[in-house]
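Student: I would like to go through this structure term by term. Please set each label against its definition.

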Amino acid sequence: MKNKVFVFTLLTLLCANFLFARKDTVSIEKAFLSKMIKLDIKGKGGYQGPCIGMLIKSQFNDSMVVFIEAGRRLDSKDSTQQDILVVKDLFVTLSSNQEKKVDVTGYCCQAHNGAPKEKSIFSVGALADKDLYNLGRYLNAAKLTPSSIQNAVWCISDKN
């Protein structure tokens with residue numbers, strides 16, 4: 001009987017922690033638009049892999065988890081440079097008014113534009129259109145080479 005009570009109590013605590021954590025998680029777009037965070041998004045001088053540096057500053061008086069989801073398109077401010085499709089989910093934990101710099105893994109999604117330069121400026125953008133979003137979600141779990149990932153992105157984004 002004691003084992004059943006212990007297991008029940010443990011499961012209840014685990015479920016409560018899971019539900020609590022889900023309430024604190026907010027998408028980067030929602031956090032930015034609701035002014036919970038400030039963002040500085042810059043290229044690192046490449047177009048594949050961890051090619052984006054993101055400085056996230058909490059403007060919130062409590063802790064939160066910011067979710068940068070695979071399938072999000074980061075928009076280049078320079079129309080001659082490619083946008084970046086995020087292909088790896090990233091959860092960034094921030095305490096009250098904390099600032100963190102993270103690397104975001106993504107791939108260029110405009111084959112006919114140039115590669116983003118180092119320190120090129122990006123905005124948070126929106127989730128990509130359906131097909132590109134679904135590809136981003138798939139690539140989040142896939143084990144592929146960088147060139148295979150890039151070609152898959154360009155196949156969908158540019159119909160190549």
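Tutor: Start with the crossing of α3 and α4, which is right-handed. This is a predicted model, where local features need pLDDT of at least 70, side-chain atom pairs count only at pLDDT 80 or more, and totals for chains, interfaces and linings use all residues. Residues are numbered from 1 along each chain as its sequence is written, and side-chain values use heavy atoms, with hydrogens and water left out.

Student: Why are α3 and α4 called roughly antiparallel?

Tutor: Helix α3 (residues 130-141) and helix α4 (residues 146-157) pack at about 165 degrees, with axes 9 Å apart. Axes are lines fitted to C-alpha atoms, for helices over the stretch in contact, and angles run from 0 to 180 degrees between N-to-C directions. Angles under 35 degrees count as roughly parallel, over 145 as roughly antiparallel, 65 to 115 as roughly perpendicular and the rest as oblique. The two helices are therefore roughly antiparallel.

Student: Which residues of α3 and α4 meet?

Tutor: Asp131, Leu132, Leu135 and Leu139 in α3 meet Ile149, Ala152, Val153, Ile156 and Ser157 in α4. Contact means heavy atoms within 4.5 Å.

Student: What makes the pair of Tyr47 and Trp154 stacked?

Tutor: The search of the whole structure gives 2 aromatic pairs. In the pair of Tyr47 and Trp154, the ring centres are 6.3 Å apart and the planes stand at 15 degrees, so this pair is stacked. Rings of Phe, Tyr and Trp (its six-membered ring) pair if their centres lie within 6.5 Å; planes under 30 degrees apart count as stacked, over 60 as edge-to-face and the rest as tilted.

Student: Why does this pair tie together parts apart in sequence?

Tutor: Tyr47 lies in the loop between β2 (37-44) and β3 (48-58), and Trp154 in helix α4, so the parts joined are 107 residues apart in sequence.

Student: How do you know that β2 and β3 pair?

Tutor: Two strands pair if DSSP finds at least two bridges between them. β2 and β3 run antiparallel and are joined by 7 bridges. Leu39 has Ile56 in β3 as its bridge partner.

Student: Which closed barrel holds β2 and β3?

Tutor: The barrel has 6 strands in the order β2-β3-β8-β6-β5-β9, with antiparallel pairing. Its twist averages 40 degrees from one strand to the next.

Conventions: Helices (H or I, at least four residues) and strands (E, at least two) are DSSP runs, numbered from the N terminus. A crossing is left-handed if the near helix is turned anticlockwise from the far one by less than a right angle, and right-handed if clockwise.
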